[in-house]
Amino acid sequence: MLIKDASVASGLSADTIRYYAKSGMLPPIARDARGWRDFSPADVEWLITLKHLRSTGMPLAEVKRFAQSAHAPDADTSQNRALRLNIMQRHAHTLARRQTELDACAKYLAHKIAIYSNKKDH
């Protein structure tokens, strides 16, 4: 599929996809007879993975480390799998901490909304 179709399927802009490709976060993308990128379903799944990692707040440098490890010739070595696992575990810990903070903020906002909802203008 063309980049515009991959963009729609992944929810990423074509510019973001090009950036990810140039920065080494994507595996080599096949080219059609015209020389245009020809994204496979597996390529789109990888784009969706990158989108989710970024949407959860993973720093771009960590996303890049993760992606480059996944696409390295020795990606299936125990060392590279351990690196990716470590990146994901650290990020999961960060997300859990953020979720706790967001839950506390939501509780506080609900409290303030209740206070303001019960006040009568005189």
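Arg90 and Glu62 pair through their side chains in a salt bridge, with an N to O distance of 3.0 Å. This bridge links distant parts of the chain: Arg90 sits in helix α5 (residues 78–118), Glu62 in helix α4, and 28 residues separate the two. The model is predicted. The salt bridges come to four in count.

- Glu62 and Arg65 both belong to helix α4 (residues 60–71). They are three residues apart, so about one helical turn separates them.
- Glu62 has a relative accessibility of 16% and therefore counts as buried, the cut-off being under 20%.
- Arg65 is partly exposed, at 36% relative accessibility.
- Arg90 is partly exposed too, with a relative accessible area of 38%.
- Through shared partners, salt bridges join Glu62, Arg65 and Arg90 into one network.

**Packing of α4 and α5**

- The axes of α4 and α5 lie 9 Å apart, and the helices pack at an angle of about 150 degrees.
- Angles over 145 degrees count as roughly antiparallel, so α4 is roughly antiparallel to α5.
- The crossing of α4 past α5 is left-handed.
- On the α4 side, the contact is made by Glu62, Arg65, Phe66, Ser69 and Ala70.
- On the α5 side, Asn80, Leu83, Arg84, Ile87, Met88 and Arg90 take part.
- By residue class, the contact of α4 with α5 has five nonpolar, two polar and four charged residues.

- Asp15 and Arg18 meet through their side chains in a salt bridge, at 3.2 Å from N to O.
- Both residues lie in helix α2 (residues 14–22). Their spacing is three residues, about one turn of the helix.
- Asp15 counts as exposed because its relative accessibility is 59%, and the cut-off is over 50%.
- Arg18 is partly exposed, at 30% relative accessibility.

- Is Glu62 buried or exposed? Glu62 is buried, at 16%.
- Is Asp15 buried or exposed? Asp15 is exposed, at 59%.

Technical notes. Residues numbered from 1 in each chain as written. Predicted model: local features only at pLDDT ≥ 70, side-chain atom pairs only at ≥ 80, totals over all residues. Heavy atoms only, no water. Helix = DSSP H or I, 4+ residues; strand = E, 2+ residues; numbered from the N terminus. Buried < 20%, exposed > 50% of the residue type's maximum accessible area, 1.4 Å probe, protein only. Axes fitted to C-alpha atoms, helices over the stretch in contact; angles between N-to-C directions. Parallel < 35°, antiparallel > 145°, perpendicular 65-115°, else oblique. Left-handed = near helix turned anticlockwise from the far one by under 90°. Contact = heavy atoms within 4.5 Å. Nonpolar A, V, L, I, M, F, W, Y, C, P; charged D, E, K, R; others polar.
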